[in-house]
Amino acid sequence: MKIAGVICEYNPFHNGHKFQIEETKKQTSCDAIVALMSGNYVQRGDISIFDKFTRAKCAILGGADLVLELPAAFSMQSAEFFAKNAVYILNSLNAVDYLTFGAETDNLNQIYEIASLLANETSEFKNTISENLKGGNTFAKARALATGELLGENAKIILSQPNNILAVEYIKSLIRLNSKIEPILIKRKNAQHDSFNSKDSFASATYIRNLINHGETEKALEFIPQNCHDIVINSKPVFISEFAKAIMCELYKISIENLRNIADITEGLENRIKREAETVNNLSELISKVKTKRYTESRIRRILLNTMLGISKEIQHETPKYIRVLDFNETGRKILNLAKKSSDLPIIKNTSQVKKINSENIKKQWFRELMFDKIYL
């Protein structure tokens with residue numbers, strides 16, 4: 001059985017995602033699709049608009065055969081950590097033949113060239129990044145500038161676009177793992193990442209979430225597969241604004257020392273966050289005051305949610321100890337039967353299975369995620 005993997009968030013599942021699954025089947029002639037999906041907290045530093053089981057159900061209806069979870073401790077991190085842990089999980093199955101991903105470019109060779117450079121950074125390259133950081137650039141821009149100096153202007157342009165960045169990180173992770181998984185690039189169709197424009201029946205997840213948030217669910221449904229409409233209509237959307245008081249409360253209580261140890265906090269950023277938290281009236285105002293040219297809004301949101309959940313630098317640097325199943329169809333059941341024989345990590349569906357496993361590390365990660373889910377719900 002030829003199996004293709006897709007790393008995704010489906011926040012929410014839309015026609016562009018269905019197109020990617022269809023293109024994956026077309027380009028790889030695979031027999032099955034495994035979707036590794038962020039749980040209830042997503043990479044941009046946000047709450048998923050629908051819970052993970054609802055989104056997994058839509059993914060199955062949209063063409064995936066098996067949906068696995070990328071836990072919050074790994075999904076709600078920078079592109080590097082997000083990609084590293086997602087690829088690690090898929091590679092650990094020892095059953096996935098292809099990894100497909102969307103990107104703004106269709107130049108896989110250039111993506112590979114950039115990924116190879118980043119997978120084997122020289123001291124000279126790191127120094128160039130450091131110099132660019134001193135100019136007040138974000139890490140992503142500083143790295144893009146350094147890459148452009150070595151590989152040319154087009155490489156810099158590629159590293160300035162979000163899906164291209166993830167594509168590079170996926171391949172970088174495959175290289176470092178010496179993985180046998182073959183990367184397949186699928187150029188994004190029509191609507192770009194975070195765009196508020198739509199074309200034909202395609203729109204970005206950002207635009208769709210915005211429509212739902214403003215009560216325009218009927219309009220949002222134009223960009224969501226027909227067989228998912230009832231699920232979306234009957235599901236309660238969740239937004240980060242509902243967690244604003246909990247986040248602010250945690251910021252008031254936490255000490256500077258503990259805040260310093262939260263994932264993604266660097267260079268004294270804890271002092272700025274703590275200071276501004278005492279002066280603002282709400283979460284949106286805090287994010288607006290803390291973000292700078294160097295510290296993006298997404299990064300600040302990730303830090304604030306990491307603070308609420310207690311995701312420390314130590315947790316951030318863990319590796320996944322298990323693989324959780326969210327949903328599957330009959331083909332997915334066959335994948336599970338294969339993977340259970342080949343996987344380096346235990347494949348788990350529920351807590352009763354976890355309790356039978358003689359591993360404190362697995363239990364620690366599992367029950368931590370259950371706590372995160374309870375906070376979400």
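These legends walk you through close-up views of a predicted model.

**View 1. A cysteine without a disulfide partner, C228.** This structure holds zero disulfides. For C228, the nearest cysteine sulfur belongs to C58 and sits 3.8 Å away. C228 is buried, at 0% relative accessible area. Another cysteine to look at is C249, which is partly exposed at 38%.

**View 2. E153 and K156 form a salt bridge.** Side chains of opposite charge can pair when their charged atoms come close. Here, the closest N and O atoms are 3.2 Å apart. The two residues are three apart in helix α8 (residues 153–158), which means that about one helical turn separates them. E153 is partly exposed at 49%, and K156 is partly exposed at 26%.

**View 3. R302 meets D264 in a salt bridge.** The N-to-O distance is 3.6 Å. R302 belongs to helix α17 (residues 297–309), while D264 sits in the loop between α14 (256–260) and α15 (269–277), so their pairing ties together parts 38 residues apart in sequence. Both R302 and D264 are buried.

**View 4. E330 and R333 pair within helix α19.** Their salt bridge spans 3.5 Å from N to O. These residues are three apart in the helix (residues 330–342), about one turn. E330 is exposed at 54% relative accessible area, whereas R333 is partly exposed at 39%.

**View 5. A salt-bridge network.** In total, the structure has 24 salt bridges.

Terms used
Residues numbered from 1 in each chain as written. Predicted model: local features only at pLDDT ≥ 70, side-chain atom pairs only at ≥ 80, totals over all residues. Heavy atoms only, no water. Disulfide = S-S within 2.5 Å. Buried < 20%, exposed > 50% of the residue type's maximum accessible area, 1.4 Å probe, protein only. Salt bridge = Lys/Arg side-chain N within 4 Å of Asp/Glu carboxyl O. Helix = DSSP H or I, 4+ residues; strand = E, 2+ residues; numbered from the N terminus.
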